[in-house]
Amino acid sequence: MSTEPARPGRPEGRLLLACALGAEQAALRAGVRAAPSVRLLRTGMGGEKAFRSVSSALAQEEREPGAFLFAGFGAAVGPGIRPGDVLVATEVRDAGSGGADGAGAGTGLPGPETLAAALRSVGLTVHTGPLFSADAVVRGDRRAELHAAGVAAVDMETAGALRALPAGLPAAAVRVVVDTPEHELLRPGTLLHGLRAWRALRTAAPVLAAFGSPFSERALVTSS
C-alpha cells in the first residue's frame with residue numbers, strides 16, 4: 001500500500017470493512033445491518049489470508065471502494081491498556097517494514113484522532129498508537145520487545161490486508177484488546193475476555209461503518 005496522503009472517501013464507493021474471525025464478523029454485522037453502503041468481509045486468520053481475501057474482494061468489486069477498514073480483536077503489549085479497550089492504529093508495522101523488532105517505520109494511517117474521538121463518544125476507552133502485525137501469536141518477552149519499540153498492540157492480519165489496497169485509498173485499523181501481558185491467550189481462538197471485547201466491537205460497529213463516507217469527519221462524529 002502506498003504511503004501517499006489518502007484521498008477523501010468518494011461518494012460512489014462503499015466501505016470495505018474486513019475482519020478475520022467469525023466472532024468479529026458477528027459483532028460487526030450486528031452494528032452495520034442498517035448500513036447498506038458497507039461490505040463486510042471475513043478474511044480468515046493471518047497476513048497471507050488477509051492479503052488474498054482483500055485482493056479477491058477488490059477484484060470482484062465493479063468499482064473501487066471509497067475506503068477500507070480492518071477491525072477485530074488484538075493484544076496489548078504493555079501496561080495501560082485493558083481488555084475491552086480499543087486501539088485506533090496510527091501506523092501499521094510488520095517484519096517487512098523496517099525490522100522484526102517492530103522499530104521500523106510502517107504504513108501510516110492518516111487522521112486516527114477523528115476516528116478515536118468518535119469511538120470515545122459512544123462510551124469506549126480508546127487509545128492511539130502503532131499496531132504490529134505478527135506472523136504468529138506474540139507472548140512473553142516478545143511483547144516486551146515490541147512495547148520497547150513503541151508498539152501499542154499486535155494482530156496478525158492488518159499489514160497483509162493493507163498491502164492489497166490500491167494507492168491512496170483511505171484506510172484505518174481498529175483493534176479491541178482481548179488479552180494483555182498479564183492475561184495472555186493460550187491459543188488464538190481463545191477469548192479469555194471475549195465477551196467484554198465482543199461487546200466493545202459491537203458498540204464500535206456503527207461508528208466504523210461511517211468511516212470514509214462523504215463528509216466522513218462529520219459522519220463519524222455524529223454517528224452516535
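Visitor: What makes Glu-113 and Arg-120 a salt bridge?

Guide: The model is a predicted one, and in it the closest N and O atoms of Glu-113 and Arg-120 are 3.9 Å apart. The term requires a side-chain nitrogen of Lys or Arg within 4 Å of a carboxyl oxygen of Asp or Glu, so the pair qualifies.

Visitor: Why is Glu-113 called partly exposed?

Guide: Glu-113 has 45% relative accessibility. Buried means under 20% and exposed over 50%, with partly exposed in between, so Glu-113 counts as partly exposed. Arg-120, with a relative accessible area of 38%, is therefore partly exposed as well.

Visitor: What makes the salt bridge between Glu-61 and Arg-14 a tie between separate parts of the chain?

Guide: The closest N and O atoms of Glu-61 and Arg-14 are 3.3 Å apart. Glu-61 belongs to the loop between helix 2 (47–60) and strand 3, while Arg-14 is in the segment before strand 1, so the pair ties together parts that are 47 residues apart in sequence.

Visitor: How do you know whether Glu-61 is buried or exposed?

Guide: The relative accessible area of Glu-61 is 16%. Because the limit for buried is under 20%, Glu-61 is buried. Arg-14, at 34% relative accessibility, counts as partly exposed.

Visitor: What links Arg-163 to Asp-94?

Guide: Their side chains meet in a salt bridge of 2.8 Å, N to O. Arg-163 is in helix 5 (residues 158–163) and Asp-94 in strand 4, 69 residues apart, and the pair thus links distant parts of the chain. Arg-163 has 42% relative accessibility and therefore counts as partly exposed, whereas Asp-94, at 13%, counts as buried.

Visitor: Why does Thr-107 count as buried?

Guide: Thr-107 has 17% relative accessibility, and the cut-off is under 20%, so Thr-107 counts as buried. Thr-107 is found in strand 5 (residues 107–108). Its C-alpha atom is separated by 8.3 Å from that of Leu-162, 55 residues apart along the chain.

Visitor: How many helices and strands does the chain have?

Guide: The secondary structure comes to 7 helices and 8 strands. Of the 224 residues of the chain, 52% count as buried.

Visitor: How do you know that strand 3 and strand 8 pair?

Guide: Strand 3 and strand 8 are joined over 8 bridges in the parallel sense. Two strands pair if there are at least two bridges between them, so the term applies.

Visitor: Which residues have the most contacts inside the largest nonpolar core?

Guide: The largest nonpolar core has 33 residues, and those with the most contacts inside it are Leu-17, Leu-28, Leu-69, Leu-115, Leu-119, Val-174 and Leu-208. Elements that give two or more residues to this core include strand 1 (15–19), helix 1 (22–32) and strand 8 (171–179). Helix 6 gives the most to this core, with 8 residues. Leu-28 touches residues including Leu-17, Leu-40, Leu-201 and Leu-208. Apart from this core lies another, of 28 residues, among them Ala-50, Ala-152, Leu-169 and Ala-173.

Visitor: How do you know that the buried residues of helix 3 line one face of the helix?

Guide: The buried residues in helix 3 are Pro-112, Leu-115, Ala-116, Ala-118 and Leu-119. Seen down the axis of helix 3, they fall within an arc of 160°, and therefore they line one face of the helix.

Note on methods
Residues are numbered from 1 along each chain as its sequence is written. This is a predicted model: local features need pLDDT of at least 70, side-chain atom pairs count only at pLDDT 80 or more; totals for chains, interfaces and linings use all residues. Side-chain values use heavy atoms; hydrogens and water are left out. A nonpolar core is a set of buried Ala, Val, Leu, Ile, Met, Phe, Trp, Tyr and Cys residues joined through side-chain atoms within 4.5 Å. Buried means under 20% relative accessible area, exposed over 50%, partly exposed in between (1.4 Å probe, protein chains only). Helices (H or I, at least four residues) and strands (E, at least two) are DSSP runs, numbered from the N terminus. Contact means heavy atoms within 4.5 Å. The arc is that of the directions from the helix axis to the C-beta atoms. Lists of a residue's contacts leave out its neighbours within four places in sequence.
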